[in-house]
Amino acid sequence: KTAGGNTFELFHHEMEDAEAAAMRIELDLQSVVTSRELILHYQPQIDLRSGKIIGVEALLRWQRPDGTLLLPATFLPVAEETGLIVPITEWVLNEACRQQVAWTAEDITVRMAVNMSGVLFRRADIHNLVMDVIERTGINPVDLELELTESVLIGNTDTANQQLADLRKLGAAVAVDDFGTGYASLTYLSRLVIDRIKIDKSFIDRIENSPSDQAIVRSMIDLCRKLEIKVTTEGIERPEQARWLARQRCDEGQGYYFSRPQPADKIAEMFHTSMKAAHRDEMQMCHIS
Ligand code: C2E
Ligand code: MG
Ligand code: MG
Ligand code: MG
């Protein structure tokens, strides 16, 4: 009996680590949309020429009652498996658009970027979901950008293009997130109707000292300029990276160097500061050519 108990204890501990943790997340997730535990943080997107904040990306966090803040990597996979990603995305879109409209009313003019899960993109009615949110919140659709990862788009170009065309018909823009990590060839850029790529952080981590990374990023930027696709670089952590990217005439940048993702009230403050500071020294580093 004692041995049995011990065995159970052992088994129980292993369960706790992986499966049980996933099960607990799943159970909690079922009520998360109505429990007001989901929150959005916003990360500024900077015009590398002027240093101004011209957009923000909405990033989902799960604020537990005990105060812990869970990052999307810990619960989004479960949400995607269980289909809970649909109500969660609906909530995110609504909340992000509502916030954008509220900011616009206070003269804080920032484009709103929202991440769209591949699970949703593959659903035929994604266009209706986005249309409903645009109508409900009154956001000007040109101020809305939807981010999709490369892997979601490369499978079937025709189907993807139909979905992209439907979204763009609403007036919203489409960005390819984590660009360069999905094993796609550059040629698909000319086949997909997209507005922007977001060059993945991994390409610029060593940009100051890596001639090959420099060559790759330069050719991404050049190609996009020819195809009239805008370029944002993610994961900028140091001034040298921002300076180098500005010299290559990369349009926009995002990263801890400018700001970590922040609650909405912090963004309002930062926006005003960036407007004032835009042509002063600390942002001048973006001008060097
Ligand atoms: P992402 O869309 O590529 O977002 C960028 C991630 O990189 C964010 O992580 C952000 O906090 C982080 N980041 C930004 N700048 C830096 C930097 O300079 N250094 C480093 N090390 N990291 C930086 P986060 O918020 O944990 O989100 C991770 C991923 O989760 C996102 O990657 C996105 O794919 C997904 N995600 C976030 N929010 C949502 C959402 O509302 N819906 C969906 N479907 N996915 C979301
Ligand atoms: Mg993103
Ligand atoms: Mg990304
Ligand atoms: Mg990413």
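1. A word on burial before anything else: a residue counts as buried when its relative accessible area is under 20%, as exposed when over 50%, and as partly exposed in between. Please also keep in mind that this is a predicted model.

2. Let's begin with the metal site. The magnesium ion (ligand 3) is held at 2.1 to 2.3 Å by Asp177 (OD), Asp178 (OD), Glu234 (OE) and Glu234 (OE). Along the chain, the donors of this ion follow the spacing D-D-x55-E. The site links distant parts of the chain: Asp178 belongs to strand 6 (residues 173-179), whereas Glu234 is in the loop between strand 8 (230-233) and helix 10 (239-247), and the two are 56 residues apart.

3. The magnesium ion (ligand 2) lies 4.1 Å from the magnesium ion (ligand 3), and Asp177 coordinates both.

4. On to the aromatic rings, where the count comes to three aromatic pairs. One of the ring pairs is Tyr42 with Trp103: the ring centres are 5.1 Å apart and the planes stand at 70°, so the pair is edge-to-face. Tyr42 sits in strand 1 (residues 38-47) and Trp103 in helix 3 (residues 85-105), so this pair ties together parts that are 61 residues apart in sequence. Both partners are buried, Tyr42 with a relative accessible area of 1% and Trp103 with 2%.

5. Two arginines deserve a look if you care about charges over rings. The charged end of Arg64 sits over the ring of Trp62, 4.6 Å from the ring centre. Likewise, the charged end of Arg260 sits over the ring of Tyr256, here 3.9 Å from the centre.

6. Finally, a helix pair. Two packed helices are described by the angle between their axes and the distance between the axes. For helix 3 and helix 5 (residues 126-137), the axes come within 9 Å and cross at roughly 35°. The crossing of helix 3 past helix 5 is right-handed.

7. Which residues meet between helix 3 and helix 5? From helix 3 the contacts come from Glu90, Leu93, Asn94, Cys97, Arg98 and Val101, and from helix 5 they come from Leu129, Val130, Val133, Arg136 and Thr137.

Methods: Residues numbered from 1 in each chain as written. Chains lettered and ligands numbered in written order. Predicted model: local features only at pLDDT ≥ 70, side-chain atom pairs only at ≥ 80, totals over all residues. Heavy atoms only, no water. Donors = N, O, S within 2.8 Å, 3.2 Å for Na, K, Ca; no water. Helix = DSSP H or I, 4+ residues; strand = E, 2+ residues; numbered from the N terminus. Phe/Tyr/Trp six-rings, centres within 6.5 Å; stacked < 30°, edge-to-face > 60°. Buried < 20%, exposed > 50% of the residue type's maximum accessible area, 1.4 Å probe, protein only. Lys NZ or Arg CZ within 6 Å of the ring centre and 35° of its normal. Axes fitted to C-alpha atoms, helices over the stretch in contact; angles between N-to-C directions. Left-handed = near helix turned anticlockwise from the far one by under 90°. Contact = heavy atoms within 4.5 Å.
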